[in-house]
Amino acid sequence: MLYIATGAAAAVGAAATAWPFISQMNPDAATIAAGAPVEVDLKAIPEGGIMTVKWRGNPIFVRHRTAKEIKEAQDVNLGTLRDPEPDAKRVKKPEWLVVVGVCTHLGCVPLGAPGQRGEYDGWFCPCHGSQFDTSGRIRQGPAPSNLVVPNYVFNGDTRLTVG
Amino acid sequence: MKLFRTSSLLAAAALAFGALTMANPVMAAEAGPTPERQNWSFAGPFGQFDRAQLQRGFFVYREVCQNCHSLSRVAFRNLSEKGGPEFSESQIKALAAEYPIKDFNDAGEPIERPGRPADYFPKRYPNDDAAKAAQGAVPPDLSVMAKARSYSRGFPLFLLDMLPGMAYQEHGVDYIYALLAKGYTKADDEKWNAYFPGHTIAMAKPMGDGRVDYTDGSPKTLDQYTRDVSAFLMWAAEPKLEERKKTGLRVMLFLLVFAGLLYFTKKKVWADAH
Amino acid sequence: MSGPSTYVPKSALGRWFESRLPVMGLVHSSFIAYPTPRNLNYFWTFGAILSFMLGAQIVTGIVLAMHYTPHTAFAFASVEHIMRDVNWGWFLRYAHANGASMFFVAVYIHMFRGLYYGSYKAPREVLWILGVIIFLLMMATAFMGYVLPWGQMSFWGAKVITSLFSAIPFVGDSITTLLWGGFTVDNPTLNRFFSLHYLLPFMIAGVVVLHVWALHVVGQNNPAGVEIKNVQRDAVPFTPYATIKDSFAVVVFTIVFCWFIFYVPNYLGHSDNYIEANPLVTPSHIVPEWYFLPFYAILRAIPSKLGGVLAMFGSIAILAFLPWLDTSKVRSGAFRPVFKVLFWVFVVVCCGLGYLGAMPAEGGYVIASRILTLLYFLFFLSLPFIGWFETTKPVPATIADAVLAKSGGSVALAGAAHEKP
């Protein structure tokens, strides 16, 4: 009985001691605080353009889609998609697409400059060849899912807050 | 067999004690009179900050100290964190916005924007040289001031400061209090301070009675201002003080129980070896 | 002492592994079956306490290094970042800083224990010298660790201690320049001290392995100072007897350690180290950490730069010669009336030097430092002569005798006589 109590106390002590050493690896207070939402001025993005902003160390793509790109995104047969999601669920206003610019395969940043957007007019990831469409959905290559849509809100017509 | 020799235990204690007697060096003789001990709510193993006092202390810092001194290691968000003045988050948002923070706009041009809770208190002067040019001497950053000043009570009194029941770590705030509230004693020389090493201080007496408007009914006296701002500086230097002492209590209780269990286990194991 | 392992694993997999790498047998013979004298007192738990402290320092240190930045522009700020923002950072830093002090408290008790009970005498000379080497490595590690927060005491401590080497004739200045990587203590110095501060603890751990190995070859000394003659009567197996006793002592020591971490974390430090390093302003009164104070007092006692440095290093080096300075046939100080008195005088002298190390180097303090420095060395130099003329008390024939003599008089002799082979 005494041995069990002592052993149990030792186990509790060891576990409690281990916690600070594990917990210290998590983001510290300054890192968390610095991840405050960022503001984007939408007037600066021409139709067809993509702006990259940094939030919590990651790129966020804000894309001003053209009518053609919107139509491409909406006309896809969802049954052919690896990660079926209608375009309407991925945007709040059809002309604005906001996605986290991190490939869902292994974390590279997909290319989005004109001429580098891949076969689906969206993004092309240079690391392992994943191709995304104009809604940020995976169409071809090893990525298992669509580009993630972060939390964002529109402040009026010209400003957007991400985070 | 008696393993527990009282004499050897005493010797061990004496040895450890002897070793620790050397802990605190004595300040140079010209440091002036020893500041008096004050009653601080945060002293001792169960000591905690007085929120209202920290809030008042912050107002004193903002109204008086901030005109020359920086607080660059403290972020606005800290003021609303647990264990501190605990202003509300909306108060902190409004407060932070009062401070202009240097940043760059989208075109990469340097700008000043309103502060956010995640920002740190901006430096009063861009660098030490600028501070010196403006003030004649560099006003030290106050972030860790309460831990960066001390005084010695001399041998053997300083030994008591580490012992359970008498532990005392508040020498820094005692010094700050003495310097501000009691040090400026020469009416004809505003840069003479009894507690400052060498007595010639670059900071002229920074405040007197009635300088800051308190809204909570606390006395608007130099003595009260100084107590409050000293407490605030202690928090600024040691924001985890409350968390530390609370954790310490739990750790100590656990260790005492664990040590007791081990002691009896040890006795039981050794019982058949005698 | 314990001889080749007789350990046979119970499981087939265990036997398969053991015949390829007999690591379990090594553990078994070293930490389970290893015979420990049954008369050990609590001073013998400091080996375990020191192992624990070394482990604690390495673990907290590795974790702190994940958040610390060894650059003059960021070092002080990164320490404050640890204290304010990192989860449990305040605990980790206070544990590491006070851990260094606790490590030295334990090592000094361990060393004085070895000194009192003659643990340095044949056949334990190599064991003792390995201990002196560990002590030196600890001092180097602690010194470089104290530089890392980049406060005023860090900077000026580094400056003064590295300047010791400039006392060396002809090449001294070149050596200090080499150590600094510049013309004063600066970023290159900080950076290399960080690198070495991270390296040295693992070297300590390596020498500790040798220290324990040497201990297990010659066996533990004990308060009676006689060797184990009959394992059955004189010794008990390491596990569970020493294991449980050591565990208890470690936890009691941890209570003291935690008292400092949680309630007086800055007591053993110096307030000036919360002022960021300023290469242009020396604090009015600089002192090293408390555990270096006796040696610092010896350094300042000698009115010559080279002489002071030699005396200081000599005061540590002389420890290595202890096995040959002490000529007494009796090992344990418990049976040496003259040595016992001198030992306690020596303890007082060391504490006195520590006190003087913290005092300003002026007036009566300097004279007192000189007298105590002289006494420090006289203690060692008197040992050969004491060994020749001292009349020692009768030493028990076996450990069992010593145990029985203490617990109950007359039965002891009968039992012991019976046991003699």
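Author: The discussion below concerns a predicted model and treats an interface and then a helix.

Reader: How much area do chain A and chain B bury between them?

Author: The size of an interface is often given as the accessible area lost when the parts come together. Here chain A and chain B bury about 1000 Å² between them, and 76% of that lies on carbon and sulfur atoms. On the side of chain A, the residues that lose the most area to chain B are A:Leu2, A:Tyr3 and A:Thr6, which together make up 46% of what that side buries.

Reader: Which helices of chain A supply at least two residues each to the side that touches chain B?

Author: They are α1 (2–23) and α2 (29–34) of chain A. The largest share, eight residues, comes from α1(A). In total, twelve residues of chain A and eleven residues of chain B take part in the contact.

Reader: How many salt bridges and polar contacts are found between these chains?

Author: The count of salt bridges between chain A and chain B is zero. One residue pair across this interface is in polar contact.

Reader: What span should helix α16 of chain C have, and what is found?

Author: At 1.5 Å a residue, the 26 residues of α16 (364–389) of chain C should span 38 Å; the end C-alpha atoms are 35 Å apart, which agrees.

Reader: Where does α16(C) bend?

Author: The bend, of about 40 degrees, is at C:Leu383, and the proline C:Pro384 follows within four residues. Both residues are among the buried ones of α16(C).

Reader: Against which helices do the buried residues of α16(C) pack?

Author: They pack against α5, α12, α13, α14 and α15 of chain C.

Terms used:
Residues are numbered from 1 along each chain as its sequence is written. Chains are lettered from A and ligands numbered from 1 in the order in which they are written. This is a predicted model: local features need pLDDT of at least 70, side-chain atom pairs count only at pLDDT 80 or more; totals for chains, interfaces and linings use all residues. Side-chain values use heavy atoms; hydrogens and water are left out. The expected span of a helix is 1.5 Å times one less than its number of residues. The bend at a residue is the angle between axes fitted to the seven residues ending there and the seven starting there. Buried means under 20% relative accessible area, exposed over 50%, partly exposed in between (1.4 Å probe, protein chains only). Contact means heavy atoms within 4.5 Å. Buried area is the accessible area (1.4 Å probe) that two parts lose on being put together, summed over both. A salt bridge is a side-chain nitrogen of Lys or Arg within 4 Å of a carboxyl oxygen of Asp or Glu. A polar contact is a pair of N or O atoms within 3.5 Å; within protein, one must be able to donate a hydrogen and the other to accept it, and residues adjacent in sequence count only if both atoms are side-chain atoms.
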